[in-house]
Amino acid sequence: MKNSLLSILVTLLTFAGSTVLAQTHRPRFHFSPKAHWINDPNGMVYYKGVYHLFCQYYPESSVWGPMHWVHATSKDMVHWQEQPVALYPDSLGYIFSGSAVVDINNTTGFGKNGQTPLVAIFTHHNPKLEKQKPEQVESQSLAYSLDEGKTWTKYAGNPVLSNPGITDFRDPKVRWYEAGKKWIMTLATKDRITFFSSPDLKSWSKESDFGSDAGAHGGVWECPDLFPLTHNGKTVWVLIVNINPGGPNGGSATQYFLGDFDGKAFKAYSKETKWMDFGPDNYAGVTFSNTGNRTVLMGWMNNWQYADKVPTSPWRGATTVPREMGLKAVGNELYLTSTPIKELNGLDEPGVSLKSLTVKDSYDLTAKTKKETSLFKLELTAPATADFSVVLANKQGNELVVGYDKKANAYYIDRSKSGKIDFEKGFGKRHTAPRLSADANLSMTLLSDVASVELFADGGLTVMTEIFFPESDMTQLSIKSAQGIAISSLKLTPLNASQKEGM
């Protein structure tokens with residue numbers, strides 16, 4: 001009997017140990033599912049004080065499979081609570097990416113007795129047609145909710161937009177265009193974006209195409225978004241286009257165009273390629289609907305180059321932190337900026353602030369704070385006159401290096417010694433991003449979770465997102481500069497991991 005009890009105890013302890021080990025790389029302040037696979041964020045919408053996040057999801061494995069929509073809710077976009085699966089595959093196919101809107105005027109007629117419908121617009125992907133009629137595989141469909149997103153009913157008239165004969169015909173991002181009193185759908189159509197309009201979300205008319213001769217075309221165009229921002233009192237329309245492969249540092253990435261939109265056609269100021277995020281791990285990002293004057297974007301914190309190989313269990317995939325989108329001019333050129341939302345400040349714990357810090361060789365920040373943590377926000381300003389780096393490390397000798405290269409006038413993140421990198425031959429590399437700002441002083445905000453860093457430089461002009469997989473938490477933090485650098489100001493803020501919900 002004692003032996004049996006001992007055996008059971010050993011088994012339980014082994015299981016508990018393996019579970020803890022498996023959760024080593026679980027994000028603390030980014031959304032990740034309790035288990036299984038996620039990719040693209042979908043259907044992001046704000047309604048009655050609640051943010052709704054859906055993602056591409058396969059509930060039977062931690063690799064891609066027949067797509068569903070997982071659902072999570074939050075009151076601040078930081079603490080997420082996973083909800084029951086919202087949409088399941090059906091006879092029309094898998095549930096691919098899309099968006100959701102608040103149909104305030106009940107243009108669809110789905111609302112009864114004064115109810116306001118939430119409407120999801122998504123791609124149906126029919127695997128049965130893939131070999132027979134590949135140009136008919138994808139079409140656009142609707143589902144609606146009359147109980148504030150808790151349950152969803154698919155529209156009996158699906159699909160509402162049939163495929164005209166395009167192999168990649170997906171990812172509808174829909175918004176209300178007030179000037180024309182109509183809905184606008186921004187749709188990825190192989191090597192371009194096609195705009196459609198509708199009075200009721202059910203009947204759609206093609207308006208125009210954009211992009212076959214613009215931007216980067218190293219891979220298929222996916223997951224677009226169209227939204228207005230204001231700069232110096234002028235409305236500027238932003239068209240986001242995700243591309244896979246063809247990113248600036250390999251694999252998946254997000255490009256954007258700035259221009260004018262008149263309800264029918266988008267006219268870009270320039271056809272050159274601009275990147276929203278130069279890191280390899282921010283893909284398929286789109287914005288929340290119904291957020292008023294705020295424009296907030298979240299992406300999938302992964303890359304199709306290795307997404308199904310990353311060493312996490314029992315889940316795979318997470319989202320980036322939400323980012324406030326803006327515009328900033330550098331000389332005569334206008335750029336899109338991304339900065340962490342202010343709600344993330346709710347995670348702040350007492351930290352340390354330093355002024356006029358001279359660094360020669362190495363400066364140990366961990367010793368200064370007297371607190372070892374891999375969860376922090378580091379903010380610093382310095383003259384752009386010398387090389388320097390921020391080094392995250394652990395007792396096993398793993399290192400992740402985030403730095404500025406003066407000669408190249410570029411930022412970089414080097415994960416070549418960051419821990420487990422052998423699951424994909426291209427993972428352990430040094431990635432670079434140009435410094436776009438012309439200011440004499442540079443600024444950096446670095447967000448660190450247990451297995452990711454997000455760099456927002458120069459007010460969000462240059463952004464890099466990277467995941468990594470250390471053998472243990474990166475709790476040792478230092479700043480290095482062989483030449484020496486005078487840092488104007490530095491603030492290191494530990495973040496409260498206990499506030500993560502729904503794990």
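A salt bridge is a side-chain nitrogen of Lys or Arg within 4 Å of a carboxyl oxygen of Asp or Glu. The structure is a predicted model, in which local features need pLDDT of at least 70 and side-chain atom pairs count only at pLDDT 80 or more, while totals for chains, interfaces and linings use all residues. Residues are numbered from 1 along each chain as its sequence is written, and side-chain values use heavy atoms, with hydrogens and water left out.

By the rule above, the model has 28 salt bridges. One of them pairs lysine 234 with aspartate 260, with 3.6 Å between the closest N and O atoms. This pair links distant parts of the chain: lysine 234 is in strand β14 (residues 234-244) and aspartate 260 is in strand β15 (residues 253-261), 26 residues apart. Strands here are DSSP runs (E, at least two residues), numbered from the N terminus. Both partners can be described by their relative accessible area, for which buried means under 20%, exposed over 50%, and partly exposed in between (1.4 Å probe, protein chains only). Lysine 234 is partly exposed at 42%, and aspartate 260 is partly exposed at 37%.

A salt bridge also joins aspartate 348 to lysine 377, where the closest N and O atoms are 3.3 Å apart. This pair, too, links distant parts of the chain, 29 residues apart: aspartate 348 is in the loop between β22 (333-340) and β23 (352-364), and lysine 377 is in strand β24 (residues 376-383). Aspartate 348 is partly exposed, with a relative accessibility of 31%, whereas lysine 377 is buried at 8%.

In the salt bridge between aspartate 209 and lysine 206, the closest N and O atoms are 3.1 Å apart. Aspartate 209 is partly exposed, with a relative accessible area of 35%, and lysine 206 is exposed, with a value of 53%.

Disulfides were also searched for. A disulfide is a covalent bond between the sulfur atoms of two cysteines. With the cut-off set at a pair of cysteine sulfur atoms within 2.5 Å, a search of the whole structure finds zero disulfides. Cysteine 55 is in no disulfide, and the nearest cysteine sulfur, that of cysteine 223, is 11 Å away. Cysteine 55 is buried, at 0% relative accessibility, and cysteine 223 is buried at 4%.

Conventions. Helices (H or I, at least four residues) and strands (E, at least two) are DSSP runs, numbered from the N terminus.
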